[in-house]
Amino acid sequence: MRHLPYFCRGQVVRGFGRGSKQLGIPTANFPEQVVDNLPADVSTGIYYGWASVGSGDVHKMVVSIGWNPYYKNTKKSMETHIMHTFKEDFYGEILSVAIVGYLRPEKNFDSLESLISAIHGDIEEAKKRLDLPEHLKLKEDNFFRVPKSKIMNGH
Ligand code: ADP
Ligand code: RBF
Ligand code: MG
């Protein structure tokens, strides 16, 4: 994991529309270009770290990188669930993420329920690990002090 921490930023786009939100686990998807720019040796799997939307507060997050074997996607995706309740959706806004640690490889599951409970396990594990001093310090990284020019959203 010599590429961690890995920092990246991109506009939030529409994802697969599978109703992750209805399941209580909305995931903000990055555009293809951001996914293609991941270093080749950042392996697919489930990671944790920090995230902020626009120039907003920095929150704990989990991110899934890969092909979602449960859904047999043909395109690699990168989707971030932020452990925070937002008042509104933030499609089109700039999402900044710092990936700080790896949790597990992507897996297939024999039911949606087991996928969901694995994700809940990831969320709890991520919350715990992010409280370690080595990870907490990245929450304060200058990367998250986004200049206004970068959050103007193309207008
Ligand atoms: P899609 O298939 O379009 O990605 P989702 O059901 O995964 O739809 O919902 C993702 C959207 O929900 C995000 O793009 C964002 O606008 C919104 N959202 C609201 N709360 C969160 C959150 N805590 N974490 C991630 N996305 C969130
Ligand atoms: N999809 C998979 O097919 N296998 C996985 O192991 C898997 N793990 C995930 C872990 C986390 C923390 C998150 C946020 C997503 C994961 N996904 C996985 C992606 C999941 O299928 C996708 O977000 C769905 O839209 C959830 O309904
Ligand atoms: Mg999504």
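Apart from its neighbours within four places in sequence, Arg-104 is in contact with Gly-45, Ile-46, Phe-109, Ala-118 and Asp-122, where contact means heavy atoms within 4.5 Å. This is a predicted model, in which local features need pLDDT of at least 70, side-chain atom pairs count only at pLDDT 80 or more, and totals for chains, interfaces and linings use all residues. Residues are numbered from 1 along each chain as its sequence is written, chains are lettered from A and ligands numbered from 1 in the order in which they are written, and side-chain values use heavy atoms, with hydrogens and water left out.

**Arg-104**

- Arg-104 belongs to strand E6; helices (H or I, at least four residues) and strands (E, at least two) are DSSP runs numbered from the N terminus.
- With a relative accessible area of 14%, Arg-104 is buried. Buried means under 20% relative accessible area, exposed means over 50%, and partly exposed lies in between (1.4 Å probe, protein chains only).
- The side chains of Arg-104 and Asp-122 are joined by a polar contact of 2.8 Å. A polar contact is a pair of N or O atoms within 3.5 Å; within protein, one must be able to donate a hydrogen and the other to accept it, and residues adjacent in sequence count only if both atoms are side-chain atoms.

**Helix H2**

- Helix H2 runs over residues 112–129, a total of 18 residues. From its first C-alpha to its last, H2 reaches 26 Å, close to the 26 Å expected at 1.5 Å a residue; the expected span is 1.5 Å times one less than the number of residues.
- Leu-115, Ile-116, Ala-118, Asp-122, Ile-123 and Ala-126 are the buried residues of H2. They lie on the same side of H2 because they cover an arc of only 160 degrees around the axis, the arc being that of the directions from the helix axis to the C-beta atoms.
- An α-helix has 3.6 residues a turn, so residues three or four places apart point the same way.
- Glu-113 and Lys-128, on the other side of H2, are exposed.
- Strand E3 (45–53), strand E4 (59–66), strand E5 (77–82) and strand E6 (94–104) are the elements against which the buried residues of H2 pack.

**Ligand 2**

- Ligand 2 is surrounded by 18 residues, of which the closest are Ser-20, Tyr-70, Glu-79, Arg-104 and Lys-107; a residue is near a molecule or strand if one of its heavy atoms lies within 4 Å of it.
- Arg-104 places an N or O atom of its side chain 2.8 Å from an oxygen atom of ligand 2.
- Accessible areas come from the Shrake-Rupley method with a 1.4 Å probe; for residues, only the protein chains shown count as cover.

**Ligand 1**

- There are 19 residues around ligand 1, and the closest are Gly-15, Gly-17, Ile-82, Phe-90 and Tyr-91.
- Oxygen atoms of ligand 1 are placed 3.0 Å from a polar backbone atom of Lys-21 and 2.9 Å from an N or O atom in the side chain of Asn-29.
- A nitrogen atom of ligand 1 lies 3.0 Å from a backbone N or O atom of His-84.
- Of the 570 Å² that ligand 1 exposes when taken alone, the protein buries 94%.

**Backbone features**

- Most residues other than glycine have a negative phi, and most peptide bonds are trans.
- The peptide bond from Leu-4 to Pro-5 is cis, its omega being near -5 degrees. Pro-5 is in the segment before strand E1 (6–11).
- Asn-68, in the loop between E4 and E5, has a phi near 45 degrees, a positive value in a residue other than glycine. Asn-68 is buried, at a relative accessible area of 11%.
- Lys-72 is also placed in the loop between E4 and E5 and has a positive phi of about 55 degrees, although not a glycine. Lys-72 is exposed, at 62% relative accessibility.

**Two further buried positions**

- Ser-52 is in strand E3 and is buried at 0% relative accessibility. Leaving aside its neighbours within four places in sequence, Ser-52 is in contact with Asp-57, Val-58, Ile-94, Leu-95, Ser-96 and Phe-144.
- Gly-92 is in the loop between E5 and E6 and is buried, with a relative accessible area of 18%. Gly-92 and Gln-22 are 70 residues apart along the chain, and 20 Å separates their C-alpha atoms.
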